[in-house]
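The sequence and structure are shown first.

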Amino acid sequence: MIHAYQVVVAAPYIAALVLLVIPGYRLGAIANVAASGLTFGAGLWLVVSERSVGDYAIVDEFNIVFIGINTLVGFTTALFSASYIGHEIETGRLTPNLLRFYHAMFQAMMGSMNLALVANNIGLMWVGLELATLITVVMVGLYRTPQAIEAAWKYFILASVGISLAFFGTILIYLAGQPVLGEGVPAMTWSLLQEAASQMDPAILDLAFIFLLIGYGTKVGLAPLHAWLPDAHAEGPTPISAVLSGLLLNVALYALLRFKMIIAGQPAALDPGPVMISMGLVSLIFAAFMLYQRRDIKRLFAYSSIEHMGLMVFAFGMGGPLANFAGLLHMAMHSLTKSGIFFAVGHIAQAKGSQRIADIKGLSVTHPRLAVAFALAVLAISGLPPFGVFTSEFLILTTTFARDPWLALLPAFGLLIGFGALLMRLQDTIFGEPVGPAHRVDASSVPMVLHLLLVLIAGLYLPPALIGWFQRAAELLG
Amino acid sequence: MNQAYEISHLLAGVMLVTSFALLYQQRVAAVLNTFAAQSIALALAVAWAAWSQDRPDLFITALIALTLKGIVIPVALRRTVARLGIHREVEKVVGVGVALMVGLALTGLAQALLFRVTHGTASHAREELALALAIILMGFLMMIVRRNAVTQIVGFMSMENGLILAATGARGMPLVVEVSVAFSVLIALFVFAVFVFRIRERFDTIDIEALDRMRGDRR
């Protein structure tokens with residue numbers, strides 16, 4: 001009997017192997033879409049399938065939220081990539097061989113992320129997340145320009161710091177669990193660890209959480225550990241930027257939250273809440289100010305991702321069913337919107353032949369439809385109604401306000417600052433005299449429009465079934 | 001039983017000493033030699049753990065540490081350095097004295113952190129972990145205070161040595177073998193990446209033709 005979670009993990013890996021031997025990049029791109037579609041199907045199947053807890057895999061309300069988003073955005077990104085990446089061959093930035101490698105790595109990365117998400121073993125979760133990270137390191141350096149290699153190198157150095165600290169934290173969790181659960185696999189099984197948390201040594205748990213927070217926090221892009229993130233987004237292929245922002249950061253956050261759930265089971269250990277609240281706020285406000293200085297459009301939205309990850313970490317740090325619900329919703333909305341924005345940015349970069357904001361003026365004159373879509377997407381991410389991001393940000397702020405009115409001022413302040421910066425940049429790119437070349441855009445706009453529609457629908461009407469599902473997930477988070 | 005722990009502590013201590021030695025080497029070749037020594041000490045420590053904890057799977061980890069990190073990677077890196085004629089001297093961000101002082105402080109920090117918080121649990125594991133944490137932190141330090149890509153790679157691998165030591169110190173932790181294999185493959189990959197990176201830096205292209213031309217010159 002095959003389970004849905006097995007398909008979700010195995011299908012991308014098998015596809016990666018197949019893609020390595022498929023000749024011709026057009027066929028490879030189609031196969032990539034097909035494989036991602038299959039994984040998305042498996043993801044949907046997982047959502048409706050039975051929840052189960054095994055030795056190595058876990059399926060509960062909490063991780064299917066992440067897997068659902070992961071497989072959906074993976075599928076739409078593959079669609080976007082298929083129509084986008086051919087252009088890179090024409091301009092000579094990629095060779096057909098590199099593209100074959102790119103497609104295989106894309107699938108391997110999706111498989112690794114799904115592995116991290118379904119793993120019930122904290123070691124396996126670590127392996128999945130690290131594999132996904134290292135594959136993105138290679139992808140960031142794919143264009144092999146000096147800047148791309150430098151970005152990949154920086155990413156590698158900082159990611160390896162994260163890798164090591166997270167692994168050391170994992171060892172410490174094992175050490176805390178070992179006296180209670182015995183040697184071997186049980187002391188690394190997340191569900192058992194969570195149940196036994198109250199009997200574990202609080203001092204080891206404290207130390208472990210600090211290491212895990214710094215280690216996985218590097219991957220989430222929390223300031224001051226974010227230095228890799230803007231470079232990696234700017235220099236890699238655009239579909240990878242979309243997946244990085246939309247998915248990989250989420251998976252890292254997921255790992256962090258799983259460990260938060262363990263630590264929360266031991267009242268004598270340190271309370272992860274305040275630590276996460278302060279780290280989230282620092283990232284949010286810092287990134288909001290950094291938005292003003294950006295000259296590269298992909299870097300701009302990379303900082304916006306840091307801002308939103310900060311807000312999520314803040315919400316999960318607040319805890320409680322309502323704040324957790326808002327945090328999960330915000331994560332879903334941010335993933336959809338941000339990857340949609342990167343699709344639009346890919347279009348713009350192709351139209352203008354540049355990612356410098358100074359070169360992208362007067363988009364409304366040269367590419368009116370693209371300009372409208374891009375403007376709507378940016379308005380959505382900056383938190384304007386009627387889009388879903390507004391709903392989730394509003395929920396986060398109101399729940400915070402209800403509990404601690406003064407504390408709510410800080411995220412509100414950060415969001416306003418970020419809003420101003422995004423609006424300013426939006427004006428620069430959309431209006432004014434067009435400069436530079438204006439090429440025709442070949443890439444398909446279907447994924448971008450689809451994401452925008454989903455975010456719009458979520459902002460106008462959240463189906464009760466979805467609300468119930470997210471609420472159950474939020475309750476698990478405690 | 002006590003003797004078993006003493007030997008493992010001794011080997012971990014040797015690794016820590018080599019971590020300090022890595023910081024004061026002046027030449028890239030010497031850094032690579034010191035790293036090879038550290039990897040051999042790690043291989044011995046893991047082999048000892050395999051024997052004393054009766055976990056034969058750890059012998060594989062020891063073997064990987066010995067062959068790949070004790071011999072193959074240092075030799076390959078030395079060849080790369082020689083062939084591409086990159087700086088033989090270690091490029092420093094801060095001086096040896098400062099680096100050693102910071103290293104000492106980090107070691108103290110590692111001991112203080114683990115000795116205080118793991119009070120009451122298996123004390124032997126905690127000592128091994130404290131040494132391992134010190135080695136990990138020194139690896140970071142090396143990545144920060146040394147500029148050259150080869151020395152940064154060595155810093156990373158030294159950090160990874162610390163991690164494997166920590167993982168073997170935690171009794172009965174599964175996945176150690178798998179993780180060490182995965183890491184080693186990864187390092188090989190990045191050593192290769194450095195190779196490509198260096199060629200580009202020197203010739204401003206990664207065309208094989210440029211390499212051929214270079215070789216033609218030498219002949």
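**Helix packing in a predicted model**

In chain A, the axes of helix H3 (residues 61-90) and helix H19 (residues 464-477) come within 7 Å and cross at roughly 125°. H3(A) is therefore oblique to H19(A). This is a predicted model, in which local features need pLDDT of at least 70 and side-chain atom pairs count only at pLDDT 80 or more, while totals for chains, interfaces and linings use all residues. Residues are numbered from 1 along each chain as its sequence is written, and chains are lettered from A and ligands numbered from 1 in the order in which they are written.

**Terms of the helix pair**

- Axes are lines fitted to C-alpha atoms, for helices over the stretch in contact, with angles from 0 to 180 degrees between N-to-C directions.
- Angles under 35 degrees count as roughly parallel, over 145 as roughly antiparallel, 65 to 115 as roughly perpendicular and the rest as oblique.
- Helices (H or I, at least four residues) and strands (E, at least two) are DSSP runs numbered from the N terminus.

**Contact of H3(A) with H19(A)**

- H3(A) and H19(A) form a left-handed crossing (the near helix is turned anticlockwise from the far one by less than a right angle).
- From H3(A), Glu61(A), Phe62(A) and Val65(A) meet Trp469(A), Phe470(A), Arg472(A), Ala473(A), Leu476(A) and Leu477(A) of H19(A) (contact: C-beta atoms, placed from the backbone, within 7 Å).
- This contact has seven nonpolar, no polar and two charged residues (nonpolar: Ala, Val, Leu, Ile, Met, Phe, Trp, Tyr, Cys and Pro; charged: Asp, Glu, Lys and Arg; polar: the others, Gly among them).

**Contact between the chains**

- Chain B contributes 28 residues to the contact and chain A contributes 24 residues.
- On the chain B side, H4 (96-117), H5 (123-145), H6 (149-169) and H7 (176-203) each supply at least two residues.
- H6(B) gives the most to that side, with six residues.
- By class, the side of chain B that touches chain A has 20 nonpolar, six polar and two charged residues.

**Nonpolar core**

- Val118(A) and Val251(A) touch the most other members of the largest nonpolar core, which has 258 residues (buried Ala, Val, Leu, Ile, Met, Phe, Trp, Tyr and Cys residues joined through C-beta atoms within 7 Å).
- Helix H6 (residues 146-181) of chain A supplies the largest share of this core, 23 residues.
- Leaving aside residues up to four places away in sequence, Val251(A) touches Met113(A), Ala116(A), Leu117(A), Leu129(A) and Ala132(A).

**Make-up of chain B**

- Chain B has eight helices and zero strands.
- Of its 219 residues, 44% are buried (20 or more other C-beta atoms within 10 Å of the residue's own, with C-beta atoms placed from the backbone).

Conventions
Two residues are in contact if their C-beta atoms, placed from the backbone, lie within 7 Å. A residue is buried if 20 or more other C-beta atoms lie within 10 Å of its own, exposed if 12 or fewer, and partly exposed in between; C-beta atoms are placed from the backbone.
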